[in-house]
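Visitor: Hi, could you walk me through this one? I'm new to reading structures.
Guide: Happy to, let's look together.

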Amino acid sequence: MSVLSPEFHSGLSQLLKGLQAADNVERTAAEEQLNQIVGDNPNQVLMGLAEQIQLAQDTATRTFAAVIFRRQSSKPRKDPNTGATRDLFLTLPQGDREAIRAKLLQCLSAEPDSSVRSKIGDAVAELARQHTDENEAWPELLGALFQASQSTDAGQRETAFRIFSTTPGIIEKQHEDVVIQAFKGGFADSSTPVRISAVEAFASFFRSITKKAQAKYFSLIPEILNILPPIKESGDADLLTKALVSLIDLAEIAPKMFKPLFNSLVQFSVSVIQDKELGETARQNALELMATFADNAPQMCRKDTSYTNDMVTQCLSLMTDVGIDDDDAEEWNASDDLDADESDSNHVAGEQCMDRLANKLGGQALLPPTFNWLPRMMTSSAWRDRHAALMAISAISEGCRDLMVGELDKVLDLVLPALRDPHPRVRWAGCNAVGQMSTDFAGTMQEKYHQVVLPNIIPVLESPEPRVQAHAAAALVNFCEEAEKNILEPYLDQLLSHLLMLLQNPKRFVQEQALSTIATVADSAETAFANYYATLMPLLFNVLRTEQSKEFRLLRAKAMECATLIALAVGKERMGSDAFDLVQLLGVIQNNISEPDDPQASYLLHCWGRMCRVLGRDFVPYLAGVIPPLTELAGAKADIQLLDDEDQVAQVQEEDGWELVPLKGKVIGIKTSTLDDKHMAIELIVIYAQVLEDAFEPYVNDIMDKIALPGLAFFFHDPVRVASAKCVPQLLNAYKKAHGAESTQLGQLWERTVERVLEVLSTEPAIDTLAEMYQCFYECVEVIGKNCLTGTHMSTFIESARTVLQDYQERVKERLEDQADNEDGEEAAEEVLFAIEDDQNLLSDMNKAFHTIFKNMGTTFLPHWEGLMEFYKIAIVNQDPTQRQWAICIFDDVLEFCGPQSWTYSQHIIQPLVDGMQDDVPANRQAAVYGVGVAAHKGGESWSDFVAASLPMLFQVVQRPNARDDDDVFATENASAAIAKILQFNVGKVQNWQDVATAWVDTLPIVNDEEAAPFAYAFLAHLIDQQNPAALNQAAKAFIAVAQALEAETLQGQTAVRVVAATKALVQATSLDLGQVAAGLTPEQQSTVQAYFS
């Protein structure tokens, strides 16, 4: 029975027809009318739509009414009672809400058509989400859904689980026994679609509950897995895919709950992957399920008796599924679309899975089964086998790097012959493997194997197939990017003659790739490229000067890139007037760009940045043309769209450059391509400010206020915030250079800058980006200098730091709890290791911020700083060595920059330094011994007893068995410098001073730490000047220590001059036989002695 009048329904029916009209004018008018009546009487509209769903005769009207109901119910509206903005439905009077909800549930239970029922279910789910999110009661809903899940109508049962799936919050608070029974009923349902919906609902529900609560539901896994075999046997690939997608979801959240049945699941998944009758989607989802276990439970996969062998076999098999119906690669050769999307192909799925297995299981697990197959595949007569083997090497080299790097000669013995294979796709795969290995084994490939790699791949540039030529050139990019100039130099003639040949190729994509490769070679060869400048630059100028049609725009963009990278390589002097001609050409090209999709525009921005680096201050006259388009990009707002329905979501998904974010039952679309351009533009601004400094001053205020400072809080895109954080201190520095450190102009700019920078220390949500914000802060303070912070600034900084440290402690606690759940021998997940690394970087950058404040504010920072003492006390006794180091380093800053006043905190500092000197972690020993040295140098009389008593421990640091190993040497050298400081500044407190000084000479040399060396060697020079026996009686030792430091360049500048002069006096005073002493030095050290002492 209808609550509303027939007249209202007649009007509403006409409105619904208008909303579906093909005519734009009619549809727009209907939309405006709907907005009007919803605004005037929302409760009547929603009730009317609910009655249309119930009473309309045709399914199309009922379906459309349900869709419109869902959209309108979720529109934002101000609550007339509170003024708060809420979902429209929740702003209606309570009585109306109850009536509409009841009507909607009636519609759901009575609707006979499955497609209409599905849309009603979506509307119910939307209202359920609103109630759950806002903690509003809808007492009838759960009973109605549980009743539907027991209905004799399979469609009703399926709909109930679909609603649970969409809004799992409905059942989160129910007792687990009730929930388990409901899901058990669903898993055992006689209807397969219902069983699948139950699995989907369970996956959604499981993700929504806490980790502790999840364990109560592990017992359901056998019943879920029992659903799979009958579906496979039925051959219904679509339903099987749905089930597998839900299992993937569960495997991501709690992979270990599958442990008792894991081997059975592996066998089942392998049987699906093997079954070609099931189609690609189901097979690839079975593969994805197995790969998800590798991602999230690698130890469980390694322990399974068949997992690794079976997965490698299936991946390699899928990877041979390439080039079907194109055996001779004729179609492949003829295609110019190098970026054709093959992401849903079996061979790509196999390659990606091999990559994940390698990264997660490691070489020890993966290499034996893989290389059991690869040699046989490489000698197979089937080209697809050889292609798959080479692509497998490309896929696993990153993850298996540690083991493969020692066997590179054997791997190359497999790969390099493929560059001469008769089949073009095998040669292409060979190039791919060489390129990937050049990146994954960077350094080793270039240094040890250039003499076999380059002579084998350069001839491939002569291949008859353009795609092979282009891919060989692309592989050379990877090789040359990581090659030193001296390695490339002998090959430059051969390389460039072949690449110049490719520039004549009729295929544009080959020319474009050749230009990119030439640019990379120039970048790596640096000044050695000057010999080829006269040949190449005129060709590039010719391309840039020639008017080109639209399809040649990318080629010209690549030519610009190549020309400017060559300019960077050879420098301004070699270019002469060409540098200015090139800038003029770039200006002409920029002025002729008229279309927003012209690729030349983004390339130009980078080209201008390179030419600024080439020309330096000579670039200033061109800024007026360069900066406006750059700042327009850098100041771009986020392009955000609210997507109301599945059609809009699907449309956006088809476009490149969008990110979709679910939010309260809706989907937000963020255009990331705009944000990538914004990020790149801000990075280029950083270059201009760095290079031009004071000459960039005219642009600083505008960029700071409109781009850099707002960019710090641009929460749509982390890279924009990071680039803005790099930009702010560079802009301050440019302004300082222009106006002076004490100027009013700089003071005003700093005043509004520091407020914003301090603000983001409290609001930045991403840990890795927060570290960048701390770096931004301390770099700004370094630029502005002494006494640049007020008491308010320092208090704000400390409060931000307090919050950050509390959050950090909470994250550490959660990680320890999670770690306790891990099995013996199970390593931490990759994301956990990344999170730990992010936290370590954050602590490091926070430390530098404290260091910089103490350096510039001195003792005035102490009253603020001591408010965080509780955190230092916890950190200094923590099992985590990073936390101990963090605390000691801050105590070091107090000692260094607060001098005698630091003694006030001695009861907090002394024991950590004592413990730190005995710490088995080298970085902590280094921090502690440095602190003792600083206390000796800067601490005054109060610290003198402590530092003198520390001498035995400092000598113990120097005398450790591994004291000169790479990890330990900085602690050792800092201990040597600390002893020197104690002997120099605390003479009266050191018993047996002469014996200690004599023993100290044995702690030299200092050949790694450039900060420790000047103190130590200045003290050695002091001993020599005083003709102290510690130096005179150990002249040979002292001389060798000086020679070693000079050769290592830890001893430089005026300190080196003074030490060399003192050492010459020592040689003369002791009649030291330099020839005899130098005989024990390395050839490099002997050359240094010759240079300084001859």
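**Cysteines and helices**

Guide: The sulfur of Cys-727 lies 9.3 Å from the closest cysteine sulfur, in Cys-776, which is too far for a bond; a disulfide is a pair of cysteine sulfur atoms within 2.5 Å. This is a predicted model, where local features need pLDDT of at least 70 and side-chain atom pairs count only at pLDDT 80 or more, while totals for chains, interfaces and linings use all residues. Residues are numbered from 1 along each chain as its sequence is written, and side-chain values use heavy atoms, with hydrogens and water left out.

Visitor: Is Cys-727 buried or exposed?
Guide: Cys-727 is buried, because its relative accessible area is 0%. Buried means under 20% relative accessible area, exposed over 50%, and partly exposed in between (1.4 Å probe, protein chains only).

Visitor: How many disulfides turn up in the whole structure?
Guide: The search finds 0.

Visitor: New topic: which residues of H19 are buried?
Guide: Among them are Tyr-307, Met-311, Cys-315 and Leu-318. Helices are DSSP runs (H or I, at least four residues), numbered from the N terminus.

Visitor: What do they pack against?
Guide: The buried residues of H19 pack against several helices, including H16 (262–274) and H23 (383–396). Contact means heavy atoms within 4.5 Å.

Conventions. Helices (H or I, at least four residues) and strands (E, at least two) are DSSP runs, numbered from the N terminus.
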